[in-house]
Amino acid sequence: MLLPTFEFHEPLSIKDALKLKKSLGEDAKLLAGGTDLLVHLKKKLITTNNLISLSGIKALSLITKEKNAVIIGSCTTMTQLSSTPIIQKNFPALKAGCDNLGTHLIRNRATIGGNACNASPAGDTLPALLIYDALALLETSDKKREIPMADFFTGPGKSCIQPDEILTGFRLPIPGKNSGAHYIQLGKRKSSEINLVNVAAFLKYDPDTKKIIDARIALGSVAATPIRSPKAESTLMGQTPEEACFFAAGEMARREDCHPIDDFRGSARYRQAMVGVLTKRTLTRAYELARSACI
Amino acid sequence: MKKIIRLTINNQSHEIAVEPNLTLADMLRYQLALTGTKKGCDTGDCGACTVIMDGNAVNSCLVLAVQANGSVIETIEGLTTAEGLAPLQEAFVEKGAIQCGFCSPGMILSAKNLLDKNPNPSEQEIREGISGNLCRCTGYQKIFEAIESQSS
Ligand SMILES: Cc1cc2nc3c(=O)[nH]c(=O)nc-3n(C[C@H](O)[C@H](O)[C@H](O)COP(=O)(O)OP(=O)(O)OC[C@H]3O[C@@H](n4cnc5c(N)ncnc54)[C@H](O)[C@@H]3O)c2cc1C
Ligand code: FES
Ligand code: FES
């Protein structure tokens with residue numbers, strides 16, 4: 001399969017990349033790991049005269065700790081995230097998302113920024129970014145802004161990134177004590193499969209009153225974008241964490257919060273049923289992790 | 001416009017002029033005649049084009065040659081030494097893990113990368129380690145056995 005002809009630009013700093021993006025205009029495409037972009041170019045789904053590679057910008061592939069947050073550079077790969085202790089310890093649902101994306105060959109190239117910008121409703125790292133309340137860090141040559149991931153996606157393959165903007169990374173607040181999170185993806189086979197349904201859940205409870213004080217659920221592959229599940233979340237608040245309330249949250253997510261479609265991978269009804277099951281399972285596991293963390 | 005890239009392939013340094021839209025797989029095959037690297041799908045699905053780039057196995061059909069500038073690449077041709085096939089390659093022959101052979105270069109490089117990082121992988125880790133490489137002939141079991149025989 002032939003790639004179209006294009007000019008290749010390799011800026012070494014974010015500043016230079018932004019300058020190039022501005023001068024080359026909307027036609028120029030940013031290249032991170034290339035696992036989506038090169039496939040789309042080969043299949044002639046998109047075309048461009050200019051590729052701006054981000055690989056030369058060291059700052060974009062760093063994972064750094066701030067006081068109460070971790071900054072993940074947009075060009076960190078799945079392999080890199082999954083093997084970084086600070087991610088393993090604080091963001092297990094994100095690690096699970098990274099471990100489930102594609103194959104090990106893809107994970108060695110695929111970046112988290114590329115996964116977000118590709119904005120697939122089924123993207124494997126996206127539910128985790130939603131439940132950890134991640135902020136997308138966006139930059140143009142003259143301003144910076146931070147957008148909650150809940151407002152980032154605008155449709156299948158679409159995000160709020162402007163043509164002259166670059167996603168430099170994400171800020172993830174470190175979840176406090178007594179919290180846990182988990183991610184499950186369901187596909188027809190284990191490896192390199194586009195998800196039928198993928199769910200992430202985050203739970204925090206008060207060890208004195210034994211009640212849930214924070215709950216976040218994100219659903220993938222069941223709407224035009226990855227979404228939060230607000231009605232299911234609100235059923236959990238103030239409840240005692242146990243099977244009955246996890247089941248009830250699953251039922252609410254299934255009935256009220258998702259809008260799946262039929263396609264060749266599976267029917268809407270099946271997807272909807274699985275939202276209920278996976279929501280309950282992720283919550284159960286998130287609670288187990290929250291409890292074991294405080295023992 | 002062609003760009004000059006410098007990279008190390010199988011312990012040899014190369015300086016090559018490449019078009020920006022040339023993939024690493026095509027550069028290896030058509031500019032360097034290293035045709036051990038195969039192309040099945042050209043879209044990241046089959047793993048026939050697997051090479052090891054800076055210590056990580058990747059799909060060379062989804063890497064531009066210009067992106068490999070400055071990197072260290074290992075292809076299947078690099079495994080054989082003056083003494084002959086590498087022990088991992090011998091194991092593939094020995095265990096009947098090769099039939100048509102089209103997947104073998106990629107399969108062996110994925111296995112090598114796995115064993116380099118994790119010399120004693122579990123059954124699950126071996127199966128996951130080759131899950132990006134499709135084989136239409138063997139049914140995978142013999143490939144699994146060949147890799148297992150090389151774990152320490
Ligand atoms: C065989 C195969 C299997 C796959 N399996 C899965 C899977 O199981 N789950 C899954 O979620 N995905 C999967 N994918 C899709 C893909 O690997 C992921 O979406 C990956 O994270 C994309 O990252 P990338 O770095 O390769 O992005 P690229 O292809 O480099 O870029 C993707 C898009 O994002 C834009 N972009 C990238 N970085 C930035 C930035 N910093 N700022 C602004 N725009 C940017 C690019 O311009 C492009 O439009 C698979 C792909 C293949 C080929
Ligand atoms: S040819 Fe590269 S993965 Fe199939
Ligand atoms: S031996 Fe024929 S594809 Fe694997």
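This is a predicted model: local features need pLDDT of at least 70, side-chain atom pairs count only at pLDDT 80 or more; totals for chains, interfaces and linings use all residues.
From Thr35(A), a polar side-chain atom lies 2.6 Å from an oxygen atom of ligand 1. Ligand 1 taken alone exposes 990 Å², of which the protein buries 89% (areas by the Shrake-Rupley method with a 1.4 Å probe).

## The surrounding shell

Ligand 1 is surrounded by 29 residues (a heavy atom within 4 Å), and the closest are Leu30(A), Thr35(A), Asp36(A), Leu37(A) and Thr111(A). Because these surroundings include residues from chains A and B, the site is shared between chains.

In chain A, β2 (29-31), α7 (112-118) and β10 (166-173) each supply at least two residues of the shell. The most comes from α7(A), with 3 residues. Helices (H or I, at least four residues) and strands (E, at least two) are DSSP runs, numbered from the N terminus.

## A surface patch on chain B

Leu85(B), Val93(B) and Ile98(B) make a nonpolar surface patch of about 230 Å². Leu85(B) lies in the loop between β5 (72-74) and α2 (87-94) of chain B. This residue counts as partly exposed because its relative accessibility is 40% (buried is under 20%, exposed over 50%, partly exposed in between; 1.4 Å probe, protein chains only).

## Conventions

Residues are numbered from 1 along each chain as its sequence is written, while chains are lettered from A and ligands numbered from 1 in the order in which they are written. Local features need pLDDT of at least 70, side-chain atom pairs count only at pLDDT 80 or more, and totals for chains, interfaces and linings use all residues; side-chain values use heavy atoms, with hydrogens and water left out.

Key: Patches are made of residues with over 30% relative accessible area and no salt bridge: like charges are joined within 9 Å, nonpolar side chains (Val, Leu, Ile, Met, Phe, Trp, Tyr) within 5 Å. A salt bridge is a side-chain nitrogen of Lys or Arg within 4 Å of a carboxyl oxygen of Asp or Glu. A polar contact is a pair of N or O atoms within 3.5 Å; within protein, one must be able to donate a hydrogen and the other to accept it, and residues adjacent in sequence count only if both atoms are side-chain atoms.
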